[in-house]
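Subject: Structure for you to look at

Hello,

Here is the structure I said I would pass on. Please open it beside this email as you read.

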Amino acid sequence: MKYNNESQELKNVKAIEKIIGYTFNDIQFLQRAITHVSYNKMMGKGGDSYQRMEYLGDAILDFVVADELYRNYPQFDEGRLSKFRANIVSREPLAKIVDNSKISSYVLYDKGATILSKKIKSDFFESIVAAIYLDSNGLKSAKQFILKYLKPYITAEIKNDNYDYKSMLFEYCNLKKWKIKFEEKSVVGPPHDFTFTMELLINDEVICEASGKKKLDAEKLCSKMALQKFGEIKSE
């Protein structure tokens, strides 16, 4: 495709290049990656849209995040890593990145016929991944782009309190045939702002104690400390 310097396509492509910090050798890769099928229909022309590139970008994204998790978080098994990866590459964070970075302002689509849903926005992120991969003929630049935006989500996911250390500890102790229980050691503070301190006992021996605004929070922290003590997860 020949570009007119004043064309909207070229302006949008250049704007996205500036946003993502990558300059294309073949700008048509990016043009294709940000073109929705509705835009081609509106313009009355053929040509590829982002969809085939999204397919490739999805696979690259999965690999890069899986590799990052595998290399940096050896304390987690493959089941937990898979769950982390699924949350990180889901449409919610990817769509948020496309919105917050303003990429969504420059994708090419028929505004009268198409609404940019979270699914479509996340697909555009993946198609841009593919465009960078194809243009650079390798993984390095695509990986840099992915981690530039997803590293904070990886960190947040790992630190998420939803990780169930308590269940993990119960499974570990059941395999060892150890008796496990939590006991309340103290409650301090005014009624609207209690702090609970819980003790973890295994075979009636106090292993550790931890505090939290809820009993469950303190028990989770106790469980994490015990798993670190037993060498089941690494200390941070």
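This is a predicted model: local features need pLDDT of at least 70, side-chain atom pairs count only at pLDDT 80 or more; totals for chains, interfaces and linings use all residues.

Aromatic pairs

The structure holds 10 aromatic pairs. In one of them, Tyr50 and Phe124 have their ring centres 4.6 Å apart and their planes at 40°, which makes the pair tilted. Tyr50 sits in the loop between helix H3 (37-43) and helix H4 (51-72), while Phe124 belongs to helix H7 (residues 118-136), so this pair ties together parts that are 74 residues apart in sequence. Tyr50 is buried at 4% relative accessibility, and Phe124 is buried at 1%.

A second pair joins Tyr172 and Phe230: it counts as stacked because the planes are at 20°, with the centres 5.4 Å apart. Tyr172 is in helix H9 (residues 165-176) and Phe230 in the segment after helix H10 (215-229), so parts 58 residues apart in sequence are tied together. Here Tyr172 is buried, with a relative accessible area of 15%, whereas Phe230 is partly exposed at 22%.

There is also a charge to look at beside a ring: Lys111 lies over the face of Tyr109, at 4.9 Å from the ring centre.

The nonpolar core

The largest nonpolar core has 67 residues. Among those with the most contacts inside it are Phe125, Phe145 and Leu200. Phe125 is found in helix H7 and is buried, with a relative accessible area of 0%. What does Phe125 touch, not counting residues up to four places away in sequence? The contacts are Leu61, Leu94, Ile97, Val98, Phe145 and Tyr149. Phe125 and Ile97 are 28 residues apart along the chain, and their C-alpha atoms are separated by 8.1 Å. Phe125, Phe145 and Tyr149 also form one aromatic cluster.

Helix H10

H10 has 15 residues and reaches 21 Å from its first C-alpha to its last, close to the 21 Å expected. Its buried residues are Ala218, Glu219, Cys222, Ser223, Lys224, Ala226 and Leu227. The cover over the buried residues of H10 includes H9, strand S1 (180-188), strand S2 (195-202) and strand S3 (205-212). Just after H10, Gly231 takes a positive phi of about 80°.

Salt bridges

The count comes to 14 salt bridges. In the one between Lys151 and Glu68, the closest N and O atoms are 2.3 Å apart. Lys151 lies in helix H8 (residues 140-159) and Glu68 in helix H4, so the pair ties together parts that are 83 residues apart in sequence. Lys151 is partly exposed at 36% relative accessibility, but Glu68 is buried at 8%.

Asp99 and Lys121 form another salt bridge, with the closest N and O atoms 2.9 Å apart. This pair links helix H6 (residues 91-100), which holds Asp99, to helix H7, which holds Lys121, across 22 residues. Asp99 is partly exposed, with a relative accessible area of 30%, and Lys121 is buried at 14%.

Lys166 is in helix H9 and Glu219 in helix H10, 53 residues apart. Are these two residues, Lys166 and Glu219, buried or exposed? Both are buried.

Lastly, Lys179, Lys181, Glu183 and Asp204 are linked in a network of salt bridges.

Regards

Definitions and conventions:
Residues are numbered from 1 along each chain as its sequence is written. Side-chain values use heavy atoms; hydrogens and water are left out. Rings of Phe, Tyr and Trp (its six-membered ring) pair if their centres lie within 6.5 Å; planes under 30 degrees apart count as stacked, over 60 as edge-to-face and the rest as tilted. Helices (H or I, at least four residues) and strands (E, at least two) are DSSP runs, numbered from the N terminus. Buried means under 20% relative accessible area, exposed over 50%, partly exposed in between (1.4 Å probe, protein chains only). A charge sits over a ring if NZ of Lys or CZ of Arg is within 6 Å of the ring centre and within 35 degrees of the ring normal. A nonpolar core is a set of buried Ala, Val, Leu, Ile, Met, Phe, Trp, Tyr and Cys residues joined through side-chain atoms within 4.5 Å. Contact means heavy atoms within 4.5 Å. The expected span of a helix is 1.5 Å times one less than its number of residues. A salt bridge is a side-chain nitrogen of Lys or Arg within 4 Å of a carboxyl oxygen of Asp or Glu.
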